[in-house]
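Please keep the structure open while reading.

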Amino acid sequence: MIGEVAILISLLIYLTFFGWLGWRRGFARELTVAIIALLSWLLLDQSGDIVVAMANLIAAGLQFAFDGGFTGSADEAFAALASAPELVGADTRDAFLYVVWVVVLVVAYLATGWIIPDKKSEKNGWSIILGVLNGFFFAMVFLPSLDALFSPDGEASADLDAGLDLLAMMGRGVSLLWDVIVAFWGLIAPLGSVGILILLTGILVIAAMSIRGGAKAKS
Amino acid sequence: MGPIEILYLTIGIIVVLIGLARGYVKELGSTLIILVALFILTFFKEPVDAALGATAQGAFGSEEGAGPELFLSLFYTIVFVAIVFTGYAGRTLTFGGHPAPPPQGLLLSLLVGIINGYLIAGTLWYYQEAYGYPFFQPFQSEFTEAAQAMIAFLPPSLFEDNPVYWIIPVAILLIIRVRG
């Protein structure tokens with residue numbers, strides 16, 4: 001019970017932070033970040049090999065230059081290049097793409113803050129929802145790494161190698177949502193009927209109070 | 001046939017969709033009527049059961065095992081559905097004003113729709129459960145764990161001993177409506 005409440009409170013604090021961030025940054029900025037995060041994720045998932053090949057090519061070019069390919073003996077430089085290991089191998093591919101995605105995300109956050117002016121990024125309910133959705137998306141992505149970081153034996157309960165697997169990520173999202181529902185129910189269930197009545201009355205009162213232009217009847 | 005909860009969840013989802021289409025300002029009026037119906041039907045259940053049960057016993061005879069149960073279940077279902085229909089289609093208690101803009105308004109419509117779905121589908125289920133499923137006997141042995149858990153939280157069974165609790169949200173909503 002206490003564990004469930006702790007999960008719920010932690011997640012609420014986390015999502016509230018992202019909701020607040022969404023409100024501060026506004027709709028346009030949050031939407032741009034959400035689109036960039038999702039598209040870059042899909043792109044790296046589908047065409048990650050191209051990014052890896054490009055990274056290896058750039059690394060090889062630099063290696064060639066540092067070995068004197070442009071100034072000294074080109075043959076020696078080519079020989080050194082041929083024997084040098086690849087920057088990103090098959091075993092480090094997923095970790096590399098994961099880092100690339102995180103860098104894209106950080107740049108997107110910073111760049112949208114500079115490029116999109118405050119006036120063009122309206123602060124409304126949608127910006128809060130987008131902020132929360134972004135937070136939820138990041139939680140799904142970062143969860144396995146954080147899990148491994150904070151677990152006593154340093155092992156994640158989720159598969160870390162599945163870092164860029166879209167299906168695995170969606171599975172984590174559904175599991176996270178389900179945990180929230182279970183934790184929320186863990187709060188309501190001990191109160192029994194009264195808990196349900198309090199919840200129901202609370203929602204109805206919020207709805208009735210939010211009606212604009214007066215709730216006076218016209219029946 | 002599938003689990004029984006699928007049937008009532010489907011009814012609930014349809015009510016939620018209706019709620020989304022109508023908006024929460026209109027739905028709140030229906031919620032008020034449903035809550036009052038729940039209070040009345042639960043408050044007078046004992047005397048109505050006794051009176052109608054005796055009448056049904058006389059009409060159907062004691063050898064017709066499911067007769068009185070079928071009659072009572074049908075009676076409550078029809079009365080409840082009639083009240084709900086009046087709440088949706090008739091000229092009833094409405095809240096004036098405009099809904100909050102989306103997404104808050106949409107979210108509130110969804111939440112109020114879920115409440116109405118729970119109240120309507122749950123009450124319909126309760127009047128089958130309370131009288132031993134006179135319409136669908138074969139289902140009883142197939143209940144899943146989820147269905148058994150849900151049965152404990154069907155609206156009329158929440159405050160069977162003290163249905164006055166249902167008046168609390170009604171009173172608060174009426175105060176908000178009158179205050180304007």
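Arg29(A) is buried, with a relative accessible area of 9%. That value falls below the 20% limit for a buried residue. The model is predicted. A search across the whole structure turns up seven salt bridges over all chains. Three of these pairs are described below, one in chain A and two in chain B.

- Arg29(A) pairs with Asp118(A) in a salt bridge, and the closest N and O atoms are 3.0 Å apart.
- Helix H2 of chain A holds Arg29(A), while Asp118(A) sits in the loop between H4 and helix H5 (125-150) of chain A, so the bridge ties together parts 89 residues apart in sequence.
- Asp118(A) is partly exposed, at 48% relative accessibility.

**Helices H2 and H4 of chain A**

- Helix H2 of chain A spans residues 27-66, and helix H4 of chain A spans residues 93-115.
- Their axes come within 9 Å and cross at roughly 150°.
- The crossing of H2(A) and H4(A) is right-handed.
- What classes of residue make up the contact of H2(A) with H4(A)? There are 16 nonpolar, five polar and four charged residues.

**Salt bridges in chain B**

Side chains of opposite charge can pair when their charged atoms come close. Two pairs in chain B follow.

- Arg22(B) forms a salt bridge with Glu27(B), with 2.7 Å between the closest N and O atoms.
- Is Glu27(B) buried or exposed? Glu27(B) is buried, and its relative accessible area is 0%.
- Arg22(B), in contrast, is partly exposed at 26% relative accessibility.
- Asp49(B) and Lys45(B) meet through their side chains in a salt bridge, at 3.1 Å from N to O.
- Both Asp49(B) and Lys45(B) belong to helix H3 (residues 45-60) of chain B. They are four residues apart, about one turn of the helix.
- Asp49(B) is buried at 19% relative accessible area. Lys45(B) counts as buried too, at 17%.
- Both values are under the 20% cut-off, so both residues are classed as buried.

**Ser73(B) and Gln128(B)**

- Ser73(B) lies in helix H4 (residues 67-89) of chain B.
- Gln128(B) lies in helix H5 (residues 104-129) of chain B.
- The side chains of Ser73(B) and Gln128(B) make a polar contact at 3.1 Å.
- Ser73(B) is buried, at 0% relative accessibility. Gln128(B) is buried as well, at 4%.
- Leaving out residues up to four places away in sequence, Ser73(B) touches Tyr127(B), Gln128(B), Tyr131(B), Pro134(B) and Phe135(B).
- With residues up to four places away again left out, Gln128(B) touches several residues, including Tyr8(B), Thr77(B), Tyr133(B) and Phe136(B).
- Pro134(B) and Phe135(B) are in contact with Ser73(B), and Gln128(B) touches them too.
- How far apart are the C-alpha atoms of Gln128(B) and Leu72(B)? They are separated by 9.7 Å, and the two residues are 56 residues apart along the chain.

Methods: Residues are numbered from 1 along each chain as its sequence is written. Chains are lettered from A and ligands numbered from 1 in the order in which they are written. This is a predicted model: local features need pLDDT of at least 70, side-chain atom pairs count only at pLDDT 80 or more; totals for chains, interfaces and linings use all residues. Side-chain values use heavy atoms; hydrogens and water are left out. Axes are lines fitted to C-alpha atoms, for helices over the stretch in contact, and angles run from 0 to 180 degrees between N-to-C directions. Helices (H or I, at least four residues) and strands (E, at least two) are DSSP runs, numbered from the N terminus. A crossing is left-handed if the near helix is turned anticlockwise from the far one by less than a right angle, and right-handed if clockwise. Ala, Val, Leu, Ile, Met, Phe, Trp, Tyr, Cys and Pro count as nonpolar, Asp, Glu, Lys and Arg as charged, and the others, Gly among them, as polar. A salt bridge is a side-chain nitrogen of Lys or Arg within 4 Å of a carboxyl oxygen of Asp or Glu. Buried means under 20% relative accessible area, exposed over 50%, partly exposed in between (1.4 Å probe, protein chains only). A polar contact is a pair of N or O atoms within 3.5 Å; within protein, one must be able to donate a hydrogen and the other to accept it, and residues adjacent in sequence count only if both atoms are side-chain atoms. Contact means heavy atoms within 4.5 Å.
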